[in-house]
Every structure is written in C-alpha cells, then in structure tokens.
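Dear colleague,

I am handing over the structure below, together with notes on what was found in it. Please read the notes with the coordinates open beside you.

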Amino acid sequence: MTSSGVALTFLVLLGVVVLVGPWVLGTANRLDRLHVRTDAAWAALDAALARRSVVTRAVAAVCGTDELRAAADRAERAGRADRETAENELSALLDGLDRSVLAPALAAELADAEQRVVLARRVHNDAVRDTLALRQWRMVRWLRLAGTAPTPSYFEIAEPDTDAPTPRLSARIVLADETGRVLLFEGFDPARPDEFFWFTVGGGVEPGEELRDAAVREAHEETGLVVAPDELVGPVWKRHVAFTFDGLSFASEEWFFVHRVDGVEVDTSRFQELEQRTIRQHRWWSVDELRETGDTVYPVQLAEVLPDALNGWDGTTRSIR
C-alpha cells in the first residue's frame, strides 16, 4: 500500500473514531447510569420487602399465627434466586388475613408496608426494563459496552387485591335515658341497601379535634342535644373494627363515652346528606330488648357491657367488639 493509501485509511479510521467515539462513550456512560439506577432500585425494593416482613411479624404476634411469622422469616432470609417464591407465599398469607382483629394503627402500617413494596417493585422493574433494552442493542453487544456488569432481572410478586384501608378515629356517645334505655339509629351501607344495622350516636373525629369535643359535636348534630365535654363519662370502651362503607375500606378506632339524659326529644334536622339517605329511624332500647333482638347491633357486645357502664365507671377503658 502506498503512503497515500495508508494516509487515506488513517484518515477514514480517524473519522470513524471522531464520529462514533462520542456515541460509544455516551452510550457506555448511559448504560453505567442505568446499572447504578437498577442497583439502587433493588436496594429500595429489598428494604421495602424487609420492612413488610418486620411488620408481618408484629401482626403475627397479635394474631398468634405461627405460619405467618414463619413465612415472614423465610422471605427475609431467602437468597435472590428463591426470593420471589418466598415473598409470594407471604403475600398469599397476607391476602387471607382477617385484618378486623388488628388495631387501626397496625392495620394501616401493614397496608403502608404492602403499598411500599408495590411501588418499589414497579420502580425496580422499570429500571430493569430500560437497562435490558439498551443492553440488547447490537453495537452495545458487539463492543461489550456493558462490561462485567451482571444482567439485571425482573422481580415478580403478586400485588394486594384490595386498597389500603383508611384509618379512621371515631368518638361515640352511649345516650341513656332515666330508665337505662340507650338511643340507637338504624341505617344501612349504600353498597348493601338491604342489610340494616343499629348503632350508637357518634362519628369521625376531625383533624385537630379532641375526642370529647368530637363526641359533643356529633351528639348535637345527630340529636340536637347540647352537652358540655366534661359531662361525658369515659371513655368507657374502645373498639377496633375494619369495615367497608359505600365501597371504601376503613380501619376504625372507636372511643365510647356515656351520658345520661332525661326526657330528650331527638332532633335529626342537622343530619348531613349521607345520613339523611342512609339512616332510616331511631329508637330507645332496653338491655333486655338488646339481648333478645335478632337485629344487627353495633357494638356487638352492647347488651353485655351496657349495665356496668350505666352503674358507674371505674376509670378503666375496656376493649369491646
């Protein structure tokens, strides 16, 4: 080859380097950033899974469920190759868990841990998708731009079937007349209009509101009764319950106060629109009537615990169903 041919070849190669070099360098840097992103996403997912296991063990301690605790332990100890299987086994047990026995705070913490796993898994799999897409380019494979970085893989576990329940704090008043009868309302869930149930006066506590203030406000809105907060006795009972209403899930913590009244005429004119639609009637119930009725009454133990609450409070807040 003549000197001019060598020079031409050198110039062509130099041109190729000048044109392709920046692309190669840019692609290698981009691939490196994607690998870093994938590693960080896996670390976040691993932390979310670990937190779910920790919360699950707390749930298992409350429920006395050895199988659930063992599944959480297996998921936390599992290696990467077995992690999907172990975590899916744990997810299946959590899906079948009766969460109505959990305190609202613990139920909310479990739901939060599950949702964080869902979000972390999606972020991780998005990072894996982008990394694999770039690694599959021919020039990337030919030039071995991925270097020695391991090929990332998706992490597939089942997502919870239900949305996280909304924590709800409620203040309720057991209004009893001079004969010991208690005032109850009869209502229904708009999602199940043929199923009726009876319940006490009260409702949700607003942000920044004290329990007693909320109970007083609810009593006035639902019955027209004006009560001073310090006239309430209690809280005599505390109740944790998970329920659905109008298609929404709630994890509720309810606190009950007692107040004796004499000759009250119930005024429901201050009912909100939803209460107007879903509350059919009200009446005063004796303890004997509560014991004998076939109607659904909440709290379930009302007939059992009402006499002691009316006879005088000993200062102990009792957990009821």
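How many salt bridges does a search of the whole structure find? The search finds 26, a salt bridge being a side-chain nitrogen of Lys or Arg within 4 Å of a carboxyl oxygen of Asp or Glu.

Before the details, please note that this is a predicted model, in which local features need pLDDT of at least 70 and side-chain atom pairs count only at pLDDT 80 or more, whereas totals for chains, interfaces and linings use all residues. Residues are numbered from 1 along each chain as its sequence is written, and side-chain values use heavy atoms, with hydrogens and water left out.

Among the salt bridges, Arg 69 meets Asp 66 at 2.3 Å, N to O, and these two residues, three apart in helix H2 (residues 66–77), are separated by about one helical turn; helices (H or I, at least four residues) and strands (E, at least two) are DSSP runs, numbered from the N terminus. Asp 66 is exposed at 53% relative accessible area, while Arg 69 is partly exposed at 29% (buried means under 20%, exposed over 50% and partly exposed in between, with a 1.4 Å probe and protein chains only). Arg 192 and Asp 189 also form a salt bridge, at 3.4 Å, N to O; here Arg 192 is partly exposed, at 34%, but Asp 189 is buried, at 2%. In helix H6 (residues 211–223), Glu 221 and Arg 217 are four residues apart and form a salt bridge whose closest N and O atoms are 3.5 Å apart, and both belong to a network of salt bridges that also links Glu 206, Glu 209 and Glu 218.

Turning to the aromatic residues, the structure holds eight aromatic pairs, counted where ring centres of Phe, Tyr and Trp (its six-membered ring) lie within 6.5 Å, with planes under 30 degrees apart taken as stacked, over 60 as edge-to-face and the rest as tilted. One of them joins Trp 198 and Trp 285 edge-to-face, at 5.1 Å centre to centre and 70 degrees between the planes. Trp 198 lies in strand S3 (residues 192–199) and Trp 285 in strand S7 (residues 279–285), so the pair ties together parts that are 87 residues apart in sequence. Trp 198 is buried, at 3% relative accessible area, as is Trp 285, at 2%. Separately, Phe 185, Phe 197, Phe 199, Phe 271 and Tyr 298 form one aromatic cluster.
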